[in-house]
Amino acid sequence: MSDTQHPSSPPYALDRDTDALLVIDLQPDFMPGGALAVAEGDAVVAPIVALLPLFHTVVATQDWHPQGHISFASTHGAAPYAQLPLYGGEQTLWPDHCVQGSPGAALHDALPREPLSVILRKGAHPECDSYSAFRENLGPGGQRRTTGLGALLRARGVRRVFLCGLARDFCVRWSAADAVSEGFEAVLIDDLTRPVFPQHQAETDRLLAAEGVRRATARDLVARP
């Protein structure tokens, strides 16, 4: 891949055939007033929608948990945001959110469905969480199962993914890191995402850099002539 085709730093001239947009978890439960609210989460919706026409391949992910999911604090009688040792790692325990079929689990009303190539539901396994669009978290046996997204994108000729949505320090960051490990160039659109824990931004930035994820703003994305 030449630098002319895919520059490694801004501005990014988009190739509609080989670039994809990953829209992570634009769902009411992550919006202000939702069960797991992300501050200013609603502020990213309209600018994300404005980007959709620049891409042939748009993937929207959707947290889709069953009742009593292993990531819910209520399942363990614990306080939200506590840490639970699980399968050789640590699981953050969350307020009940994005329960299958609930209004809070729906895709945001302002996100049009027609431009979406794929809607990928994740976190549906009752015994395993899934932050990433590409792989579940550690599960029984200490393995991370694939969602199949990497193979699907390769089959469509995608070589680079741009990521936006919620939340920056969890599902967006994990999806970006796994995109790199799957062989894609990954670019996080920084102004089109928001974190659960803003106080941890420096640590998230450090992890993104270590994982090989590039960062840009929406203004850095330009349609190729």
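1. Leaving out residues up to four places away in sequence, H69 touches T75, G123, H125, P126, C128 and D129, where contact means heavy atoms within 4.5 Å. The model is a predicted one, in which local features need pLDDT of at least 70 and side-chain atom pairs count only at pLDDT 80 or more, while totals for chains, interfaces and linings use all residues. Residues are numbered from 1 along each chain as its sequence is written, and side-chain values use heavy atoms, with hydrogens and water left out.

2. H69 lies in the loop between β3 and α2, and with a relative accessible area of 0% it is buried (buried means under 20% relative accessible area, exposed over 50%, and partly exposed in between, with a 1.4 Å probe and protein chains only). The side chain of H69 reaches two of the residues named above through their backbone oxygens, that of G123 at 3.3 Å and that of C128 at 3.0 Å.

3. S71 is found in the loop between β3 (57-63) and α2 (73-76), helices (H or I, at least four residues) and strands (E, at least two) being DSSP runs numbered from the N terminus. S71 is buried, with a relative accessible area of 0%, and its side chain makes a polar contact with the side chain of H69 at 2.8 Å. A polar contact is a pair of N or O atoms within 3.5 Å; within protein, one must be able to donate a hydrogen and the other to accept it, and residues adjacent in sequence count only if both atoms are side-chain atoms.

4. Apart from neighbours within four places in sequence, S71 is in contact with H65, Q91, T92, L93, W94, H97 and D129. The C-alpha atoms of S71 and D29, which are 42 residues apart along the chain, are separated by 15 Å.

5. The open sheet consists of six strands in the order β6-β3-β2-β7-β8-β9, with parallel pairing, and its edge strands, β6 (118-122) and β9 (214-216), each pair on one side only. Two strands pair if DSSP finds at least two bridges between them. Strand β2 (residues 19-24) and β3 pair in the parallel sense over five bridges, and A60 in β3 is the bridge partner of V23.

6. R173 belongs to helix α4 (residues 168-181) and is buried, with a relative accessible area of 14%. Not counting residues up to four places away in sequence, R173 touches A167, R168, T204, L207, L208 and E211.
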